[in-house]
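The following exercises are to be worked with the sequence and the model at hand. Each task is followed by a solution in steps.

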Amino acid sequence: MLVLFAASEVHPLAKTGGLADVTGALPGSLRALGLDVRVVMPLYPGVRPKLKNARRIAEHVPCPFAGSNRPFHLLESTLPDGTPILLVENGGVFEAEDAIYGVEPGSYGDGHLRFAYFARALLRVPAAAGFTPDILHLNDWQTALAALLLRTGVEKNFPLAKAATLLTIHNLAYQGVFPVADLRRAGIADALLREGVLLHAGNGNLLAGGLRAADRISTVSRTYAREILSAEFGNGLEGLLQHRAQDLCGIANGLDTSVWNPATDPHLSHHYDVDRMDGKTACRNALLARARLAPTDGPIFGIVSRLAAQKGLDLALEAMDTVLQQRADVRLVVLGSGEPRLEAGFRALEARHSGRAAARLAFDPAFASLVEAGCDLFLMPSRCEPCGLNQLISMRYGTPPIVRRTGGLADTVTDTTERTLSDGTATGFAFEAPTAAALFARIQDALALFADKPRFAQLIQRGMSEDWTWKRSAQAYAALYSEASNARIHGSAARWVRDILPPDPIEVELPILPHVPAGYGANSLRLMPRDPETLAVLWDLALPEHAEIVLELTDLECAGSERRAARVLERQAFFTTRPDTRYRARLLTSGGQELLQSTVVRTPRRRG
Ligand code: ADP
């Protein structure tokens, strides 16, 4: 099975969040199962220096965008685990600014242009690189549009259109919402800019469009897959997701255990594993020293997180304030940055409990490892957590997490109860209500168990020995790919496309590939009526720019033809036409051999 795996960020080339952790690890695990997976992402300026042995495998691949041709180059390289990665290079589109999603938080910058372009480009990648995927695996709003284009636009004539599409939601809070006018400027046809197609609640919504058209939808935990059907977690898309509930499933993320390993983590001064735990004690002391906290035999609590409302850290602030007041032997180390309100809260907590609470308001991967390793208990009281990575890391590092029972936290942490303690399956503590009181109560339970050394050690041991590798998740994705293939023709997305959208491609363009020189992809020839009396003939050819070609326009109603000489680099020509008449164009070599043929187009009627 050949899978084209598309994402806007892939570790270690580009990362802004957990998405990159998944896209950097899952493809390699799928390959280990025998699937042929190739990753594709945009080439941002920051990525270039990190590429090893990259080579251009196609140049000037034509890509229609916003009314003109914006060709891209295609680079090929490999990820550290050997997975092939293709990079779409278009300086004008992806190098305008360095921040992947724009410089202002939440603005996405020119995201509508970037990712509308990326969607169109990625659909042209297989032909350019010379393979035909069975599955197109899309991730989040940045790639979602491709699912819709593949079923509706010119792209539905591509060989790739036989592929089934899977769209994975990593966080439903981010949907790629843009004003309709922006999407029109990005070259999206009006036929798609309709409520219930690419619009949702009056705005362009790239994720919504993709969710409607994808053959299968997944998200990153079973519980989150259920939660997003409700108004509380659906972020306005719950109705659409309910409609597709039978095509939606949850697969929890794995952990890159070669990176997150307390026995080898280069950020730790002392190493350990489940059979040799001395190193953890050394990390504990190192952490207290680094954070300038007073020595203690009592429990050290840790937080590593984006400081965002979603993470429920206001609950931690309140609950830990009380715990620190009540227990002189408790310590707290916080690592995170984000919302000023929360940063100020943790700074104040540090000041109130000087020497016992420390807040490092930064993004610091080395310190993150030390917190995960040096603490005794980890706090993750998220209001919403699609999957979550930090609870997996903390369990692997022997630091039982205290989590709110939501999303992936509910699926990956086995709560401590009498039963799970006696059958040895407990790995952490979970609480239900998103309140400081509920968290506080669970912290008390954790403190009690911490005092019971043998039973607490059992909890640590179980968490460290669970299988957090990607293999389990990869097996589930492989099964899902087969399901998506079955749904490709008769599934609910296919029916929706048939029912709601016009049967003809939404734009007139023809990517015929008759004599494709090696390394090139989509040659195209299309006809665009400008007015009843003018027809534009537009072409893109993978031939030398100065090569001579012949254009031929045939009036199919009187069967008369007009021929005209042109050069490859001109890319367009205008013909005078009769209104309301069907035309077809051909491109020929100067010797008369046919290169491309267009679809049939009818010129508009004269008004009035
Ligand atoms: P999210 O993707 O919502 O931020 P996850 O728990 O899925 O949350 O993933 C968070 C990732 O980012 C983890 O790899 C975590 O270690 C890392 N991380 C978060 N905040 C920081 C920070 N301040 N410094 C270093 N790493 C951080």
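**Exercise 1: The ligand site**

A backbone N or O atom of Ala362 is placed 2.8 Å from a nitrogen atom of the ligand. The structure is a predicted model, in which local features need pLDDT of at least 70 and side-chain atom pairs count only at pLDDT 80 or more, while totals for chains, interfaces and linings use all residues. Residues are numbered from 1 along each chain as its sequence is written, and side-chain values use heavy atoms, with hydrogens and water left out.

Task: state which residues come nearest to the ligand.

Solution. Step 3: for Asp364, a backbone N or O atom lies 2.9 Å from a ligand nitrogen atom. Step 4: at Gly18, a polar backbone atom is 3.2 Å from a ligand oxygen atom.

**Exercise 2: Domain 1 against domain 2**

Task: describe the interface of domain 1 and domain 2 by its buried area and its polar contacts.

Solution. Step 1: locate the parts. The domain assignment, automatic or from a database, gives domain 1 (2-254 + 474-500), domain 2 (278-466) and domain 3 (524-602). The C-alpha centres of domain 1 and domain 2 are 35 Å apart.

Step 1: count contacts (heavy atoms within 4.5 Å). Here 14 residues of domain 1 touch 15 residues of domain 2.

Step 2: take the buried area, that is, the accessible area (1.4 Å probe) lost on being put together, summed over both parts. The two domains bury about 1,000 Å² between them, 58% of it on carbon and sulfur atoms.

Step 3: examine the pairs. Six residue pairs, both residues at pLDDT 80 or more, are in polar contact across the interface (N or O atoms within 3.5 Å, one able to donate a hydrogen and the other to accept it; residues adjacent in sequence count only if both atoms are side-chain atoms). Helix H7 (residues 222-227) gives the most to the domain 1 side, with four residues (helices are DSSP runs of H or I, at least four residues, numbered from the N terminus).

**Exercise 3: A backbone feature**

Task: identify the bond between His11 and Pro12.

Solution. The peptide bond is cis, with omega about 5°.

Conventions. Helices (H or I, at least four residues) and strands (E, at least two) are DSSP runs, numbered from the N terminus. A residue is near a molecule or strand if one of its heavy atoms lies within 4 Å of it.
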